[in-house]
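Trainee: Could you take me slowly through one part of this structure, the sheet and what surrounds its second strand?
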Amino acid sequence: MHIHSCLSPCAELEMSPRNIVSEAKRKGLQMIGICDHNSAENVPAFEKNAAGEGITVIGGMEVTTREEVHILALFGNHENLFSLQKIVHESLHGTNDEKLYGEQVIVDEEENVLGFSDKLLIGATDITIERLVDLIHERDGLAIASHVDREGFGIIGQLGFIPEDLPLDALELADPTKRDSIPQARCLPFITSSDAHKLEDVGKRSTKFWMETADTAEMRRCFSGMEGRRVRI
Amino acid sequence: MTKTLKEIAGALQLTVSAREDLLPSRTVTGGYVGDLLSDVLAHARKGQVWVTLQTHANIVAVASTKEVCGIIVVNGRTPEAATLQKAEQEQIPILVSPLSSYEVVARLWELGVTNREGV
């Protein structure tokens, strides 16, 4: 649920949609979430590559809030995904410096370079965490706090604890063995994912979902344990 | 040479966003600066003034837990409405400075707000 492509300045250039889809297939993944920093421009190329490969792509973004907390925003369709992207881009200031932060490559399904994002994708938006979670839910998306067990950009590191009334859908662990050491996890479900920035890391960690169909609506049912659905890390 | 938050607010020309009524009675025993709230929970001490750029409502809970005397928000950031509401309830003064953390801390030190007894 958390793979970076070559659009993220910190990811390797080898992270093209074609390479990632074939690596995911090799590792036996059935569903992959593409979450670049503050942008979703490579999601369509992933969907085209995955079509017919038996892999479902969940389009998303890893949004940096005003508090510098990373939140995964996962959506079931382009309209919702790109309407949030529009707000995120309007709330993100600064211009990328490729020499300092890395290239932000937008590609098509055949690995043709369509362009370079000039936004400072590594930066923080000025959207508060509460507002972001609302914006995601208004668009029927899932809001998952990234790597809650990491100090930098993790919700507990940045904010000391998980705000009691923040309606998150799940928490992501960078290290699944740490699930019992998260204070005030509020009984929220956990996922774990690779947060891959290079090809060999794709599938390094993954989450099992017991679901009818591979989509965000079913993921939501897995998170609430409805009708035999469940999630396990 | 202990100072009250009121004296500090005057000297640094801080804008008071919450609990102005408490400023004269809050004695500042030192200071801490941090934006990672987990770090502030680990290291801030009772009676210190806390300098941060965070404006989320969690700063009030952290300030209350650590019993700091007040919060100075830097870079002219505006605390969220929920933060101010909690600050009213929890009796945590919040002050805002247009300056950066570096400049606020430097001015505090000049005023004699150090973490060294008797300095």
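Mentor: A:Gly33 stands opposite A:Ile58, a residue of strand 2 of chain A, and strand 1 (31-37) of chain A pairs with strand 2 in the parallel sense over seven bridges. Strands pair here if DSSP finds at least two bridges between them, while helices (H or I, at least four residues) and strands (E, at least two) are DSSP runs, numbered from the N terminus. The model is predicted, with local features needing pLDDT of at least 70, side-chain atom pairs counting only at pLDDT 80 or more, and totals for chains, interfaces and linings using all residues. Residues are numbered from 1 along each chain as its sequence is written, and chains are lettered from A and ligands numbered from 1 in the order in which they are written.

Together with helix 2 (residues 43-50) of chain A, strands 1 and 2 make a right-handed β-α-β unit; right-handed means that, with the strands pointing away from the viewer, the path from the first strand over the helix to the second runs clockwise.

With strand 3 of chain A, strand 2 pairs in the antiparallel sense over six bridges, and A:Gly59 has A:Phe75 of strand 3 as its bridge partner. Five residues lie between the strands of this hairpin, in which A:Glu68 takes a positive phi near 65°.

Eight of the nine residues of strand 2 are buried, so this strand is largely enclosed by the rest of the structure; a residue is buried if 20 or more other C-beta atoms, placed from the backbone, lie within 10 Å of its own.

Notes:
Buried ≥ 20, exposed ≤ 12 C-beta atoms within 10 Å, placed from the backbone.
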